Amino acid sequence: MNKDTLYRYLFENADVRGELVQLADTYQSVVNAHEYPAVLRRFLGELMAATSLLTATLKFSGDIAVQVQGNGPVSLAVINGNNHQQLRGVARWEGTLADDASLNDLFGDGYIVITLTPDDGERYQGVVALDKPTLAECIQEYFLQSEQLPTGIWLFADGERAAGIFLQVLPSEGDHNAEYEHLTTLTATIKQEELLELPSEEVLHRLYHEEQVRLFDPINVSFKCTCSRERSASAIRSIDKEEILSLLAEQGQVELGCEYCNTFYRFDAIDIEALYANVPLSDDQATKQ
């Protein structure tokens with residue numbers, strides 16, 4: 001398997017584009033930050049693969065957030081990405097989750113919110129109901145509603161690795177749906193173990209060896225959290241100083257944690273005084289738990 005890479009490809013004889021992503025280290029950086037139940041680890045893997053595939057469709061520099069919310073034992077799962085294929089994510093849940101829990105068992109009545117935030121331009125947000133058996137089918141419905149282009153998505157994760165394939169009809173003058181259906185039928189033959197274990201080039205050869213495929217250079221996918229001591233300091237500074245001093249007197253320090261990477265930033269009395277006086281803070285090592 002090609003670790004943490006995304007490939008884009010085109011079919012020379014059809015107006016159809018494709019993407020294939022495989023994740024290992026990036027996936028582990030997200031799911032190992034918390035003690036997620038096995039079923040939630042797998043779901044986060046599928047959500048990461050989906051977000052990477054969606055990010056590769058962006059035509060601008062900026063960010064994407066794919067957020068799943070519901071009223072079930074899992075209240076939130078979100079993956080953030082950007083046009084550099086840098087991902088991070090987190091989920092919140094309560095109680096025990098059965099290993100064979102369905103999407104409805106996890107989230108109950110839920111929905112997916114996909115937010116696109118360009119560096120320049122207006123933010124776009126799309127919402128789709130979580131009313132299909134799988135995450136892939138729900139995201140296919142999002143594309144049908146937002147872009148009105150036939151789109152196929154296949155997502156897999158086993159707790160250690162995650163992967164996904166994306167096919168979409170390109171806007172064109174002619175009617176190429178028949179060719180798209182043929183390519184979809186070929187892609188649907190992929191097995192989880194093949195997509196998770198084999199190199200990308202071999203997967204594509206197995207699926208499309210009778211097609212003319214133009215494969216572009218791979219893009220690296222990585223984990224990147226945007227938290228920092230400086231951001232934590234800014235968050236503290238936005239709170240009334242008296243409230244912070246009261247917390248400091250009670251606990252001896254002020255601690256802020258990052259849900260995404262489980263890193264904690266601690267500020268003592270000297271740090272707090274410097275912070276509100278706009279004096280550079282003393283160096284301090286963040287702690288990952």
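Biologist: What makes up the chain as a whole, and what share of the chain is buried?

Modeller: The predicted chain has 10 helices and 15 strands, and its C-alpha atoms fill a box of roughly 70 × 40 × 35 Å along the principal axes. Buried residues account for 47% of the 289 residues, where buried is taken as under 20% relative accessible area.

Biologist: Why is Thr57 called buried?

Modeller: The cut-off for that word is under 20% relative accessible area, and Thr57 has a value of 11%, so the residue is called buried. Thr57 belongs to the loop between α2 and β3 (62-70), and, leaving aside its neighbours within four places in sequence, Thr57 is in contact with Arg17, Glu19 and Phe166.

Biologist: How do you know that the side chain of Thr57 makes a polar contact with Leu54?

Modeller: A polar contact asks for a pair of N or O atoms within 3.5 Å, and a polar atom of the Thr57 side chain lies 2.5 Å from the backbone oxygen of Leu54.

Biologist: What makes strand β2 (residues 16-23) largely enclosed?

Modeller: Eight of the eight residues of β2 are buried, so the strand is largely enclosed by the rest of the structure. The burial applies to both faces, with Val16, Gly18, Leu20 and Gln22 on one side and Arg17, Glu19, Val21 and Leu23 on the other.

Biologist: How do you know that β2 pairs with strand β1 (residues 5-11) and with β9, and in which sense?

Modeller: Pairing requires at least two bridges between the strands. Between β1 and β2 there are six bridges in the antiparallel sense, with Arg8 opposite Glu19, and a hairpin of four residues joins these two strands. Between β2 and β9 there are eight bridges, again antiparallel, and here Leu20 stands opposite Ile165.

Biologist: Why are β7 and β12 (222-223) called edge strands?

Modeller: The open sheet of six strands has the order β7-β6-β3-β4-β5-β12, with mixed pairing. β7 and β12 each have a single partner strand, so one side of each is left without a neighbour in the sheet.

Biologist: How do you know that the span of helix α4 (residues 135-146) is close to the expected one?

Modeller: α4 has 12 residues and reaches 17 Å from its first C-alpha to its last, which is set against the 16 Å expected at 1.5 Å a residue. After α4 comes Gln148, whose phi is positive, near 55°.

Biologist: Why are the buried residues of α4 placed on the same side of the helix?

Modeller: The buried residues in α4 are Leu135, Ala136, Cys138, Ile139, Tyr142 and Phe143. They cover an arc of only 165° around the axis, which puts them on the same side of α4. Their cover includes α2, α3 (103-107), β6 (110-118), β7 (124-129), β8 (151-157) and β9 (162-169).

Biologist: What makes Phe43 stand out in the largest nonpolar core?

Modeller: That core has 56 residues, of which Phe43, Phe107 and Ile112 touch the most other members. Helix α2 (residues 38-55) gives the most to this core, with 10 residues. Leaving aside neighbours within four places in sequence, the contacts of Phe43 are with Val68, Ala77, Leu103, Phe107 and Leu135. Another core, of 21 residues, lies apart from the largest one and has Val16, Ala163, Val203 and Leu204 among its members.

How values were computed. Residues are numbered from 1 along each chain as its sequence is written. This is a predicted model: local features need pLDDT of at least 70, side-chain atom pairs count only at pLDDT 80 or more; totals for chains, interfaces and linings use all residues. Side-chain values use heavy atoms; hydrogens and water are left out. A nonpolar core is a set of buried Ala, Val, Leu, Ile, Met, Phe, Trp, Tyr and Cys residues joined through side-chain atoms within 4.5 Å. Buried means under 20% relative accessible area, exposed over 50%, partly exposed in between (1.4 Å probe, protein chains only). Contact means heavy atoms within 4.5 Å. The expected span of a helix is 1.5 Å times one less than its number of residues. The arc is that of the directions from the helix axis to the C-beta atoms. A polar contact is a pair of N or O atoms within 3.5 Å; within protein, one must be able to donate a hydrogen and the other to accept it, and residues adjacent in sequence count only if both atoms are side-chain atoms.
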